Amino acid sequence: MKAPPFAYRRASSVADACALLDAHGGSARILAGGQSLIPSLNLRLSQPELLIDISQLAELRGIRVSATEMIIGALTRHADIERSAEVRARFPALADAARQIAHPAIRNRGTIGGSIALADPAAEWPAAALAFDMRFTAVSTQGERSIAATEFFKGLYETALLPGEVLRSIHVPLPAAAQRAAFGELTRRSGDYAIAGAFVTASVTGGWLGGTRAAFFGVATRPLLAARAMRALDGSAGDAAAVAAARAHLEADLDPIADLYNSRATKLHLAGVLLARLVARLAAPGG
Amino acid sequence: MNQLINVTLKVNGTEVSRPVEPRTHLIDFLRNELALTGSHAGCEHGVCGACTVLVDGEIVRGCLTLACQLDGADVVTVEGLTESGAIADLQTAFHLRNALQCGYCTPGMLVAATAILGQQPPATREEIREHLSGNYCRCTGYEAIVDAIEETAKARAAGRALAQEGA
């Protein structure tokens, strides 16, 4: 279908975008890559009065590394992350995940900031943000603030962003030497939203897992850390018994909603299958 | 609500300027304003790939891009690729392999394929399938489409390898 009519303003800077958001209140939406917003307009699921286009703001684009973190501009496209040598070297699981987002033509326009600000419960980046303990910087006419990913995803498409705030950058702490990470998702067809997906990170010292974080997507109304399963894995070697104990906690940790093809029970089962595969990868010698 | 945005962009090498309604998708701008009807509007929500075109050298969905966002952009459609001869070999391979039936998805397939044809070493069948996962063929003629792209990718890679040896 065709999108309903709306007005359009091209923001000249982040400050300009914030001022426009303030001036137009809840009737305006930020347009970044548009790969989720424009389909929702085409399907007439949303009808904003104004789109504030930030897609040409170079200041929001790019990946750089400081002494302690990798900083990803909100407008950095999935394709940029997929191709970044810096990301591949430091966070191979993130590079792997970028390749699983939709299709090449979508990855050439869709942005990491757009994905996080939308908070689709089946999207990869929000769960990645939980697993890698990322922080987000949001700006408004009032100034800027830093929000932990663990405080950000509140519910179905609901985030801690306040009216008038624009997501500016994503901050990923650089991994300690012992940190390992693995990513996986199960889809019906390549490029589909995942039935279930997960990122698992842990420091692996002498074969023992510590500080394990397991973040799931597609198995609740928001991305979730599987806190009980994580505790069950900590201090273990990621062996079959530890994985079985962790899997037994997933029903309490997650809250899957049946979709057209998969029941709640199927989704829980698949989340357990993923957890087992990813922990096996983490715990493998040299993994 | 009947705001018009002036955009100036290059389409198939020619500069065009038009006032557009903000809600006009690139695909409708190309088809309705510029009469470039080679690119097709299929699902109109980013799933089928029939509207695939190049923007600044990269494949995008024409139905998920607004024309008003493309001021200063360089757009190439299947018409531009075919008239310049840039994909003559790919077109021939599609023809010889019978890689189209109804033809609806073909413009999107051809444009999407351009993004992996230059690879060295040439893309494998697996990579071609993955690359085309966002382009639907409802006649389900995928085997022949992958055959045609694989053959063209190999021929191009071999041609370049020969040229390098010669140099």
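H6 of chain A and E4 of chain B each supply at least two residues of the lining of the largest cavity, where helices (H or I, at least four residues) and strands (E, at least two) are DSSP runs numbered from the N terminus. This is a predicted model, in which local features need pLDDT of at least 70 and side-chain atom pairs count only at pLDDT 80 or more, while totals for chains, interfaces and linings use all residues. Residues are numbered from 1 along each chain as its sequence is written, chains are lettered from A in the order in which they are written, and side-chain values use heavy atoms, with hydrogens and water left out.

**Cavity**

- The count comes to 1 cavity of 30 Å³ or more, a cavity being a set of points, on a 1 Å grid over the protein atoms alone, where a 1.4 Å probe fits but cannot get out, with lining residues having an atom within 4 Å of a point.
- The largest cavity holds about 30 Å³ of space, a volume being the space filled by probe spheres set on the points, which are joined across faces, edges and corners.
- Its lining includes A:His103, A:Pro104 and A:Ala105 from chain A, and B:Thr52, B:Ile59, B:Arg61 and B:His131 from chain B.
- That lining divides into 4 nonpolar, 5 polar and 1 charged residues, with Ala, Val, Leu, Ile, Met, Phe, Trp, Tyr, Cys and Pro counted as nonpolar, Asp, Glu, Lys and Arg as charged, and the others, Gly among them, as polar.

**Second largest pocket**

- About 520 Å³ of space lies in the second largest pocket, a pocket being an open set with protein on both sides within 12 Å along at least five of seven lines.
- Of the 19 residues that line this pocket, A:Glu82, A:Pro104, B:Ile116, B:Gln119 and B:His131 lie nearest its centre.
- Two or more lining residues come from each of H3 (78-83) and H6 of chain A and from E4 (58-61), H4 (106-117) and H5 (125-131) of chain B.
- By class, the pocket lining has 6 nonpolar, 6 polar and 7 charged residues.

**Interface**

- The contact (heavy atoms within 4.5 Å) takes 35 residues from chain A and 29 residues from chain B.
- Chains A and B bury about 2,700 Å² between them, 51% of it on carbon and sulfur atoms, buried area being the accessible area (1.4 Å probe) that two parts lose on being put together, summed over both.
- There are 4 salt bridges across the interface, each a side-chain nitrogen of Lys or Arg within 4 Å of a carboxyl oxygen of Asp or Glu, and the side chains of A:Lys2 and B:Asp28 meet in a salt bridge at 2.9 Å, N to O.

**Backbone of chain B**

- A cis peptide bond, with omega about 0°, joins B:Gln120 and B:Pro121, and B:Pro121 is placed in the loop between H4 and H5 of chain B.
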